[in-house]
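Please take a moment to look at the sequence and the model together before reading on. The paragraphs below go from the parts of one chain to a meeting of two chains, and then to a single residue.

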Amino acid sequence: MPDFTPFLVAGLATAATYVLSGVGIVVLYRASGVVNFAQGAVGALAAFISWSIVERGGPAEWSWIGGIAAAVAVSFLYGRVIAPRLAYSDPIMRAVATLSFALILLGFMGYVWGEAPRRLRLPTDTMSFDLMGVRVTMTRAVAFALGLLVTCAVMAFLSYSRVGLQMRALASSRELSAMLGVRVFRVDGWAWVISGALAGVSGVLLADLQRLSGQALTFAVIPAIAAAVVGRFASLPATVAGGLAIGVCEALLTPVPIVGPFRTAVPFLFAVGALLWMQRKVVFVYR
Amino acid sequence: MTDQSLEGVPPIRAARLPLRGIALGVAALIALYVLPDALSNYWLRTFISAAALTIASLSVSVLFAQVGMVSLAQFGLLGVGGWFALRISHGLGVPFEIALLSAGVSAALVGLIVGLPALRMRGLYLAIITLMMAGAIQVLISAFGFPDGGPGILGKSTGARLMMARPLIAQGDGAYLRYAIVVTVLCYLLVLAHVRGRPGRAWAMIRRSEVCALAGGVDIVAYKVWAFALAGFLAGVAGAVLAGGVGQLDGSAFPASQSIMLFALTIVGGAYSWFGPIIAGLMLRAFPALLNDFRVDGNIATMVFGIGLLHALITAPHGIAGQLSDLAGRLRRAVGGERKAGP
Amino acid sequence: MISRQTILAAVIAMLAVCIGSAAYAADPKCGANTGKAATGEPIVVGGIVSITGPDNFSSSGLAAAAYFKCLNANGGVNGRPVKYLLEDDAWNPEQSSQVAAKLIRDQKAVALVGNMSFVDCGANQGIYEKEDIMVIAGVGVPRDCFFQKNYAPTNAGPRVSNTKAVMDVARTYPGKIKRVVCIAPNIPNVGEWSCTGAVAWIRKQGGDGKIIAFDPGSLDATSIVLEAMAFRPDVISVGTPKGLAVPIFAAAEEQGLADKVHFAGPASLYNPDFPHAIGKYWDGKVTVDMELNAATAGTPDTQNWLAVLDKYGQASDPRDTFSQAGYLAARVTAETLLKMDPAKIDRASVTAALRNVNRFESDMFCSPWYIGSGPRHNANHAGPVSQVKDGKLVPKPVCIESEDPELDDVHAFEKTIGIAK
């Protein structure tokens with residue numbers, strides 16, 4: 001029986017980044033009905049910009065802010081310029097359109113930065129404490145705390161702020177909300193900003209915890225989508241639980257022989273299982 | 001959130017299919033006789049891949065245009081078909097045709113499993129669940145790797161790698177391209193037979209309304225499962241054609257993201273038209289090859305691809321094929337108008 | 001007045017030229033070194049590398065391109081220039097086979113030189129054998145690159161490289177190294193294969209070894225490191241491409257492992273950026289294998305390689321071990337072509353001439369290199385190692401011969417051509 005505690009501790013931090021991305025995806029989907037495949041690519045852009053600022057001798061704090069601001073800007077731009085043109089097409093087409101946005105970002109990052117051995121360093125990397133016999137760096141602790149804090153903040157924002165209320169209205173019915181005077185594009189814009197910021201934070205953290213690579217960070221969106229699926233693209237607490245469960249299970253399976261090599265399938269199994277469970281009764285689509 | 005995939009679906013044009021069939025036949029004959037001799041070897045190999053991808057795109061369009069279901073797992077099924085084709089060809093030394101068919105059948109079985117959730121859901125959820133299955137297939141393929149001539153179930157060689165045997169009548173690239181085109185035409189005929197027969201009518205009803213279909217006595221479960229099996233079969237055949245073209249396959253070439261690309265380009269090409277999948281196949285393989293031939297940086301090519309895809313999604317909901325047929329219709333009207341204006 | 005000014009200008013120009021050439025005392029030497037540009041009918045030589053994709057894997061091809069440029073400026077192949085066509089396979093076997101058909105069948109290349117790819121060897125083995133074209137690769141990675149009649153890489157390959165790195169650590173700490181963990185990506189024909197040499201060697205010494213093959217798509221480096229530590233190793237060899245190695249070292253740093261275990265890695269980590277990328281923590285704690293002598297060795301051929309790149313390459317071309325390999329591949333091909341009758345250079349004659357290369361020396365190699373007519377090629381199996389120190393990779397002055405049992409047939413072949421005694 002292998003000792004699972006170190007894997008549990010390691011998995012929690014990764015899981016937190018899935019949670020951050022997953023929450024961003026859910027918030028955006030609820031407000032504007034777009035499943036954002038570009039969440040990972042936007043995060044990668046944030047990480048690359050942070051890295052560039054640090055490489056040029058810039059202060060670390062500004063580098064994160066710069067990276068996250070870039071992520072917000074890019075996400076907002078897409079939400080304001082491209083997304084409205086697809087507002088009346090099928091939800092799948094809208095999702096596919098974000099994939100092409102991810103491709104554009106991926107090509108851009110590949111062209112500007114290329115693939116080289118890189119790692120984004122945060123000052124919190126050198127601080128650490130011992131927990132259950134495993135050394136935990138401050139970055140991991142911060143990632144985990146951020147994952148929970150941000151989710152609470154977003155939930156409070158949705159429940160108590162006016163924009164949050166309007167977002168929930170949009171989630172129920174876009175047309176009715178528009179008729180009642182909700183400024184759809186403005187609220188949409190807020191959703192894209194929140195999603196961009198969460199993508200940026202998650203990208204910077206992932207680039208530090210794992211590696212700074214355009215391809216890898218772009219496709220880290222898959223576990224985040226799986227987490228969102230667990231939350232039915234609607235429930236934030238369920239998304240958080242899903243993200244944590246996926247990240248931790250993936251890490252815990254590592255030392256298990258035979259199953260170990262297949263552990264990357266965990267997000268997919270979770271998502272498929274969750275979907276099947278949710279739709280366990282036969283339903284017909286009336287139209 | 002309503003599923004709007006049915007908006008703008010044209011009524012079935014079964015009556016006009018013979019004309020299309022003839023056009024397709026003529027196009028195939030031209031492709032068969034002229035193309036292989038006119039192409040350089042680089043383009044020969046590119047078009048072999050494009051032919052395989054055309055079949056794969058056809059499998060997506062069968063599900064999407066006929067039954068109204070979205071599967072984002074078809075490229076993964078292509079990998080499954082390629083895996084079985086390689087394993088059977090290396091392991092048993094059977095002729096290519098048998099490897100091709102068994103690849104189709106095994107991918108059809110896997111496709112059936114992928115399609116099971118479709119009995120319960122559709123729209124975005126179905127798309128996402130199939131995408132997750134594509135991801136699971138990707139993990140399996142990259143953990144097992146593709147067979148390369150060794151013994152055992154996995155067929156991993158410890159010495160030199162073996163190439164998959166091509167059909168006896170098509171050893172060279174030119175002959176193999178002709179072979180691939182014939183296989184593509186046969187796949188089209190298979191789909192045509194379904195669309196014009198009982199399954200086509202049942203699918204049309206399911207697409208319109210499942211309740212109506214049920215009331216009309218259509219066995220929804222059977223016909224949905226059948227559609228997924230057929231689509232899986234086509235994807236498997238595509239995988240075998242691809243494996244025969246290259247001689248081997250690589251595990252990293254079948255990520256889940258490619259399945260989304262295949263779906264996206266099928267839509268961009270035009271899923272409702274018979275030449276949509278051909279456009280999709282060419283865009284997936286010939287277009288990047290063209291950019292590479294012009295020495296465009298691969299990263300720039302990715303960006304161009306993304307921009308083109310976005311543009312097509314915004315401006316051409318019926319795909320390039322839809323735009324082309326609109327153009328043809330306008331021309332026909334213009335010509336007709338002239339005739340009327342004449343004496 | 002005008003004529004006087006013209007003369008003055010001419011004198012100044014001549015002076016400038018003299019000073020300029022004096023400054024270029026370390027002018028690169030290529031081929032016949034005539035200094036005259038070749039103008040005859042071009043000889044087509046191709047190369048396949050992976051530029052786009054998970055990693056930019058092209059430095060070998062870029063070095064070969066620079067060498068051929070230099071060759072063309074210095075008389076070419078007895079007056080005929082080499083037209084070097086470099087193609088990108090984007091880590092995709094399909095595209096690799098397409099560009100191979102383009103180079104070999106459409107462009108009628110006489111040989112391929114400086115190849116560097118994970119997929120080329122496997123995807124194109126068929127066409128190489130069918131067309132009987134020799135590939136003098138810069139860098140072979142998967143097993144297929146070392147088990148072909150028509151593929152001769154100048155590098156040693158990850159398997160030899162891993163074995164050497166582990167052997168060096170074991171020799172530096174005699175009697176202390178008993179258990180080895182080798183981490184590799186589960187890319188077919190690369191991962192397991194690249195590690196089994198080191199594991200077989202340590203088992204032969206009475207120790208034990210374990211291979212951890214991970215999915216490069218999965219990012220969890222900490223889990224991988226923890227899994228490695230569960231085996232209680234004395235040395236961990238990180239046998240991955242450099243981009244994947246950085247997070248693994250970062251995870252090990254987080255766990256503070258450098259004081260508990262020795263770390264080593266194959267030549268894929270031998271890159272000037274690498275010590276900087278993994279950070280100061282690893283100073284003096286990582287042994288990195290080198291397939292060829294150090295870029296900073298200052299020996300004549302190394303200097304020439306750098307001079308060729310400075311004058312004919314781009315400033316952005318990497319000066320790493322793979323670049324050396326590409327340079328050597330281009331050099332051996334050029335020198336073979338120079339010995340041939342320039343009118344009778346075609347694919348068959350070039351293949352035959354290259355197979356006849358039974359000895360090729362460079363001060364970058366520890367022992368003479370060869371191509372030979374054997375059924376497989378792995379001529380480079382001895383080389384130095386280096387250590388990460390002060391942000392640099394400092395070479396150790398040793399030549400380590402890989403004691404991998406898989407090389408037995410290669411040693412036997414070397415006896416027949418008089419390389420080994």
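When a chain is divided into domains, the bounds used here come from an automatic or database domain assignment. In this model, which is predicted, the assignment for chain C gives domain 1, made of residues 43-157 together with 295-380, and domain 2, made of residues 158-289. The centres of domain 1 and domain 2 of chain C, taken over C-alpha atoms, are separated by 29 Å. Where these two domains touch, domain 1 of chain C contributes 12 residues and domain 2 of chain C contributes 14 residues. On the side of domain 1 of chain C that touches domain 2 of chain C, there are four nonpolar, three polar and five charged residues.

Chain C also meets chain A, with 30 residues of chain C in contact with 26 residues of chain A. On the side of chain C that touches chain A, the elements that give two or more residues are helix H7 (221-229), helix H8 (242-254) and helix H9 (274-278) of chain C. Of these, H8(C) gives the most, with seven residues. Sorted by class, this side of chain C has 12 nonpolar, 11 polar and seven charged residues.

Notes: Residues are numbered from 1 along each chain as its sequence is written. Chains are lettered from A and ligands numbered from 1 in the order in which they are written. This is a predicted model: local features need pLDDT of at least 70, side-chain atom pairs count only at pLDDT 80 or more; totals for chains, interfaces and linings use all residues. Two residues are in contact if their C-beta atoms, placed from the backbone, lie within 7 Å. Helices (H or I, at least four residues) and strands (E, at least two) are DSSP runs, numbered from the N terminus. Ala, Val, Leu, Ile, Met, Phe, Trp, Tyr, Cys and Pro count as nonpolar, Asp, Glu, Lys and Arg as charged, and the others, Gly among them, as polar.
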